[in-house]
Amino acid sequence: MAVAATIFLFLLLASPMAFAKEHIVGGSNGWSQSVDYSSWASGETFNVGDTLVFNYDGSHGVDIVTKDGYDNCNTANAIKSFTDGSTAITLASSPVDVYFVCPKLNHCATGMKLAIKVQGTSSGSGSTAPTTKPNGASGAFGAMSKIVVGFSVVFGALFAFMV
């Protein structure tokens, strides 16, 4: 019985990661100058472990910046920069505010910037910085693996109680 309880506790703690959400930044418009990102973000809830997916063409990029960089559209000291056209960023392991801007001339100044508040509890890794995944980790197969893990967690918990 102690083994079953230990397995259940482990599955209970591991299950929130299985239900992380993938947010396509800007929805069907992607990361472009035609989106009001403040309005888009107000309709979303961002939690620890969720992934932001930025889809954009070669005329854009994504920079993670400080609040000052966001407020002043200054990318000189960007925390991280991306230009691959499809950037997947897993949100931090603890609640934190995260800021993104397009580094191309005048794009940020015309509204191509995003500020989000990550909610949730720490997964224990100690890092507060967003992490990136290889492009193949997002999309249909990334979402499918989350579903498989979710079902595995549920069935594992049920099995633990039957033993």
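The chain folds into 4 helices and 9 strands, where helices (H or I, at least four residues) and strands (E, at least two) are DSSP runs numbered from the N terminus. This is a predicted model, in which local features need pLDDT of at least 70, side-chain atom pairs count only at pLDDT 80 or more, and totals for chains, interfaces and linings use all residues. Residues are numbered from 1 along each chain as its sequence is written, and side-chain values use heavy atoms, with hydrogens and water left out. Read from the N terminus, the order of elements is α-β-α-β-β-β-α-β-β-β-β-β-α.

S8 covers residues 113–119, and its side chains alternate between two faces. Leu-114, Ile-116 and Val-118 point to one face and are buried (under 20% relative accessible area, with a 1.4 Å probe and protein chains only).

Strand S7 (residues 96–101) pairs with S8 in the antiparallel sense over 6 bridges, and Tyr-99 has Ala-115 of S8 as its bridge partner. Strand S2 (residues 46–47) runs parallel to S8 and is joined to it by 2 bridges; here Asn-47 is partnered with Gln-119.

For the chain as a whole, 37% of the 163 residues count as buried. Among contacts (heavy atoms within 4.5 Å) between residues at least 6 apart in sequence, 75% join residues at least 24 apart.

Conventions:
Buried < 20%, exposed > 50% of the residue type's maximum accessible area, 1.4 Å probe, protein only. Pairing = 2+ DSSP bridges.
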